[in-house]
Amino acid sequence: MDFSFGSEYEAFRETVRVFLGENWPLRGEEADLSESERARRFRRRATEAGYLYRNIPRRFGGSEQPPDLLEAQILREEFGRARAPMELTGQGPQMVVPTLLEWGTEWQQERFIPKTVEGDYVWCQGYSEPGAGSDLASLQTRGERVGDEWVIHGQKIWTTHWNRAQYMFALVRTEPDASKHEGISYLLLEMDQPGIDVRPLKQITGASEFAEVFFDGARTPADWIVGERGQGWRVSRSLLKHERNMLGSGARAQGLFRSLIRLATRVERQGHKAVDDPMVAEKLVELMGYVRSQQYSSYIQLTRELQGGESGLLPLLNKIGNSNIAQQISSIALSLLGSDSLLAPGANPRGTTSGNEKWMNQFMGSLGESIAGGTSNIQRNIIAERGLGLPRQESPASKDEAGGER
């Protein structure tokens, strides 16, 4: 397999390296700025140079570059190597922005995309409900058109960024007489308003990253709908595609694996570095095989896309593969840390900066990755039915109490 990009693209790689060498890290007086402000200034320069937000028009704060998958791959590699800030991550830049570019009106794009790209607008997601998780189309939160507004009643759960978000993108049932998939609309709304009650959820780690949100007459303007009435399910399908791409990125698995290697070269087991223990080394080599397979799968998908072909089953495996790798990495890290793996976040009694307690958070978070963006079991069903063409498994609910077919 030839991993070279060719002379034209290697020349592009060199220009990227020169740019990074001159602009990151920031120097002079800018080096004394806060971390967030340094990252903001660098992103602006990188965007002006055409390296970030390439798919976003300039009028919306992007660099508006022609699509080029190989240039995009080079940028990921070189920015990662330099540990330079990439595009802002999270539900706003990676989910709302692509969705608005695909479905939003001109005024919605002008109003929301630039400030989301800059990080001024933070978004939370109003999808899951206590009775609508994997079967999201069963959601019951309702929106009624009253004059020039939508009036919303219901409840959402597992809301991330609840404590920072100014806006929510939500699925609500606006067509009660339509089928469950056709009766849903995609609305944008402000979080700071009467009629919204946010209640944090305490996690096993002690943090409260999620909340449940109750709507009791919350309002949003009638034109804050993305797509048409009843199109919300179609809009959400494209958004979930962006979410699963975000969660299934092979680069994240590689980054976690590098962190694990650093840990194995730092901690000691019976008087020597953990990485020198044959049993540990065997586990690391086995895990490296899974990480490399995820990496090379992404290369295959990239190549097929460049050739105008289809990647078949492979994209369906990205998210579940990344979830499995994250769990394996975290489990190995805890076994290496021994009693240090029981340290609560921020409660290192030795006063060191080793950060061992962070691995317990990573482990707990990796369990959640089996749920975020669609549960692993649902993903397996998708792989089986849509990817492999296996027959849909019969649900017990499809039979009546006498055992006959409905």
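Leu316, Leu317, Lys319, Ile320 and Asn324 in helix 9 meet a set of partners in helix 11: Ser376, Gln379, Arg380, Ile382, Ile383 and Gly387. Contact here means heavy atoms within 4.5 Å, and helices (H or I, at least four residues) and strands (E, at least two) are DSSP runs numbered from the N terminus. By class, this contact of helix 9 with helix 11 has five nonpolar, four polar and two charged residues; Ala, Val, Leu, Ile, Met, Phe, Trp, Tyr, Cys and Pro count as nonpolar, Asp, Glu, Lys and Arg as charged, and the others, Gly among them, as polar.

A word on the model: it is predicted, with local features needing pLDDT of at least 70 and side-chain atom pairs counting only at pLDDT 80 or more, while totals for chains, interfaces and linings use all residues. Residues are numbered from 1 along each chain as its sequence is written, and side-chain values use heavy atoms, leaving out hydrogens and water.

In the loop between helix 1 (7-23) and helix 2 (35-48) you will find Pro25, joined to Trp24 by a cis peptide bond with omega about 0°.

Further along, Trp158 sits in strand 3 (residues 149-160) and has a positive phi, near 60°, though it is a residue other than glycine. Trp158 is exposed, at 51% relative accessible area (buried is under 20%, exposed over 50%, partly exposed in between, with a 1.4 Å probe and protein chains only). His161, in the loop between strand 3 and strand 4 (167-173), is not a glycine but has a positive phi of about 65°. His161 is partly exposed, at 24% relative accessibility.
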